[in-house]
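Let's walk through how two chains meet in this complex. We'll start with what counts as touching, then work down to single residues.

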Amino acid sequence: MTIANIAAEVPIASVPFEIERARADFPVLQQEVHGKPLVYLDNAATMQKPRQVTEAIDHYYRWDNANIHRAVHQLSERATQAYEAARNKVQHFINAARREEIVFVRGTTEAINLVAQSFGRSRLQAGDEILLSHMEHHSNIVPWQLLCEQTGAVLKVVPIDDTGELLLDEYERCLSPRTRLVAMVHASNVLGTINPAQKIIELAHARGIPVLLDGAQTVPHMPVDVQELDCDFYAFSAHKMVGPTGIGVLYGKREWLEAMPPYQGGGDMILSVSFDKTLYSDLPYKFEAGTPHIAGAIGLGVAIDYLETLGMENIAAYEQELLNYGTEVLAQVPGLRFIGTAQEKVGVLSFVLEGVHPHDIGTILDHEGIAIRTGHHCAQPVMERFNIPATARASLAFYNTKAEMDVLAAGIKRVGELLG
Amino acid sequence: MSELLDLYQEVILDHRKRPRNFHSMENADFQADGHNPLCGDRVTVFLKMHNGIIEDVSFQGEGCAISIASASLMTESLKGKSSQEAEGLFGKFHDLVTDESTHREEGLSLGKLGVLAGVKAFPMRVKCATLAWHTLHAALAHENKMATTE
């Protein structure tokens, strides 16, 4: 049995979406924390892994571990086949036109850095502009700031309104003849806002400007079709979509990727090397220097199998229902104020509680077995926009339940009683 | 649950609600800003010194219950102490909230500061409890740069 076949042979929860059956695939959810059943609501930071994913990784290391693309022996052939099969799965999952457009990287952050350094450094000059929004994660701010330091380019930031929605008119006004790239989050990790990606891309393309989308918070929660979006680059991470850490994807349109110089140099990204000249490999290998995270890619492939078996449409519909319910029950908690109330949202419930610091909320909820995130969520400009130091954030996944939303609301009420 | 109640004792809740010496100080001899970049907490510590003795101390800022209570209790414990004694107290306090071998009795020797011994069970919150103290250290060392828990 080769790894590539494993996913088909491991039973996965069947369609239609059955929550209890899906939950049973996640051993980590079966535990108690501080004597209470774990309620894991930090999914925007990382999602839990189903046994199908961890078993596939375990299987690879036990039976198939070998380097890829190099050797002629059986193990290397299996490893190569499984690694490349994962690339095909990613291609189909986001509906990329070609498998060469799928580059394996460490995660969303590396994907953005790759575009900044390879695309950006080779094209941008002093005075050129990169357009971001006010709701970006640090990983879609800092790589561009580094690029600006290197090239003299400047960042322009599109403002957001009090609900956390992008101001489209302002966005259009910000697109200038000097804009060389729009780099924007598809869905905000703090506010949950789903940006109108199609509109953003249309408006940029009308002026010949390419668009990168940070899809870390969308790919795990809704169907994403890069051809339909017509985005030029799309970045996401496996660990936020029930896959392993340390692996992610940069999707790039072939014409861009072909025109871009390599990001890193090393083994496996070359056709030939002499001390005079190196010929680079074809896509996508030009961007995959060194031994990659083979087990990670395989785990990502199985994560995609898992999500597809549940169905991304089903996941999106279920999480919306859960978000609506969670919003309703949390709105009844005295003193609670939501940060991020956009019309279109992924399952993110960010809030502040009158007179109570989010860190205190986090610690007290932890003692109720509830794992949420507190802090600035690596998006300090968003905090500054809303004039708060931090928020408490419950972020949802398909394995969460309405009952857990009730436990969360009760926990927050208890915080109020203890500290209010 | 008892750990949680240890952390959020009455004294701590009281100092969080009514922080002592919570104001900026005109003509402070030294002051320093502290920042916990992970949670965004900020504090400024003001010192008035006379012959090497802390004559007055105050603070301002925003933060969680633990950081505000710790800063408030710190200011109460510093008046009349020399810089050296203050630094020594910081060392003892740091042990109280981090060192497993520091016993409750030793905590008692720190007076009211002993109520923060519960922080030890919450390693993620040590930075909250020590932010004001790191800032005090920066103020005493006349460091202009911002103190940080990182």
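Contact here means heavy atoms within 4.5 Å. By that rule, chain B puts 22 residues into the contact and chain A puts in 19 residues. Keep in mind that this is a predicted model. The predictor gives the complex an ipTM of 0.81, along with a pTM of 0.91. As for chain B, its pLDDT averages 88, and 91% of its residues score at least 70.

Now for the surface that gets covered up. Putting chain B and chain A together buries about 1600 Å². Carbon and sulfur atoms account for 56% of that area.

What about specific pairings? Eight residue pairs are in polar contact between chain B and chain A, counting pairs with both residues at pLDDT 80 or more. The partners are A:Asp360 and B:Arg125, whose closest N and O atoms sit 2.9 Å apart.

Next, look at which parts of chain B do the touching. Three elements of chain B give two or more residues to the side that touches chain A: helix 1 (2–7), helix 2 (10–17) and helix 3 (65–78). Helix 1 of chain B supplies the largest share of that side, with four residues. In terms of residue type, the side of chain B that touches chain A splits into 14 nonpolar, two polar and six charged residues.

Notes. Residues are numbered from 1 along each chain as its sequence is written. Chains are lettered from A and ligands numbered from 1 in the order in which they are written. This is a predicted model: local features need pLDDT of at least 70, side-chain atom pairs count only at pLDDT 80 or more; totals for chains, interfaces and linings use all residues. Side-chain values use heavy atoms; hydrogens and water are left out. Buried area is the accessible area (1.4 Å probe) that two parts lose on being put together, summed over both. A salt bridge is a side-chain nitrogen of Lys or Arg within 4 Å of a carboxyl oxygen of Asp or Glu. A polar contact is a pair of N or O atoms within 3.5 Å; within protein, one must be able to donate a hydrogen and the other to accept it, and residues adjacent in sequence count only if both atoms are side-chain atoms. Ala, Val, Leu, Ile, Met, Phe, Trp, Tyr, Cys and Pro count as nonpolar, Asp, Glu, Lys and Arg as charged, and the others, Gly among them, as polar. pLDDT is the predictor's confidence in each residue, from 0 to 100.
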